[in-house]
Amino acid sequence: MVTRTAAEVPHAQIEAAIWSALEQVPDPEIPAVSVLDMGMIRQVDVDGDHATVVVLPTFTGCPAIAIIQEDVARAVSGVQGVRRVDVETSFDPPWTSDRITAAGRSKLRNFGLAPPDSGAVLIGEIGLPKVATCPFCGSTDTHSDSLFGPTPCRAAYHCNSCRNPFEQFKPV
């Protein structure tokens, strides 16, 4: 295999390869979706052999931020033509659940997690949706078992129709 320097690899090719590499970086808490599926990558900048990736964490206190930064840096540093990687965390603009892609929402359902509905959420409305749709059978005959799930962004639910437990993403 021949390794080329950044000067020999076109800028657009490096940037496309970075985006492709980011598709393979799983969310550490939900490995069924990538950081791109979750809409956590705000931007990618390439300057010669230096790449900067800006990550939007899903929650301010997200315990996985450091792991995401490490995983993103590792993936991008493997791209041909990239010698230096900086991963920055930003809360501007703040991440919202509207950033989850259609593919990401489908992957979440297949994983057994109910994605949040789309649409703007006012800060006073953050919490649980009025109706949670079961990702297994599609029923809305569900109830909340706990406002607190395994992470701050999810709540525990139970489906009365198919009797499966599931987690509901809180809309943000």
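Is Lys-107 buried, partly exposed or exposed at 34% relative accessibility? Lys-107 counts as partly exposed. Here, buried means under 20% relative accessible area, exposed means over 50%, and partly exposed lies in between (1.4 Å probe, protein chains only).

**Before you click**

This is a predicted model: local features need pLDDT of at least 70, side-chain atom pairs count only at pLDDT 80 or more, and totals for chains, interfaces and linings use all residues. Residues are numbered from 1 along each chain as its sequence is written, and side-chain values use heavy atoms, with hydrogens and water left out.

**Whole chain**

Start with the cartoon view. The chain has three helices and nine strands. Helices (H or I, at least four residues) and strands (E, at least two) are DSSP runs, numbered from the N terminus. Trace the chain along its sequence and the pattern reads α-β-β-β-β-α-β-α-β-β-β-β.

Now show the surface. The chain exposes about 9000 Å². Carbon and sulfur atoms supply 53% of that area. Accessible areas come from the Shrake-Rupley method with a 1.4 Å probe; for residues, only the protein chains shown count as cover. Of the 172 residues in the chain, 41% are buried.

Next, think about contacts, meaning heavy atoms within 4.5 Å. Take those between residues at least 6 apart in sequence: 56% of them join residues at least 24 apart.

**Stop one: Asp-37 and Lys-107**

The structure holds five salt bridges. A salt bridge is a side-chain nitrogen of Lys or Arg within 4 Å of a carboxyl oxygen of Asp or Glu. Select Asp-37 and Lys-107, one of these pairs; their closest N and O atoms are 2.8 Å apart. Asp-37 sits in the loop between strand S2 (30-34) and strand S3 (41-47), and Lys-107 in helix H3 (residues 102-111), so the pair ties together parts that are 70 residues apart in sequence. Asp-37 is buried, at 9% relative accessibility.

**Stop two: Arg-83 and Asp-49**

Select Arg-83 and Asp-49. Their side chains meet in a salt bridge, 3.9 Å from N to O. This pair also links distant parts of the chain, 34 residues apart. Look for Arg-83 in the loop between helix H2 (65-77) and strand S5 (84-89). Asp-49 is in the loop between S3 and strand S4 (50-55). Arg-83 is exposed, at 63% relative accessibility. Asp-49 is partly exposed, at 30%.

**Stop three: Asp-86 and Arg-84**

Finish with Asp-86 and Arg-84. They form a salt bridge, with the closest N and O atoms 3.2 Å apart. Asp-86 is partly exposed, at 28% relative accessibility. Arg-84 is partly exposed, at 47%.
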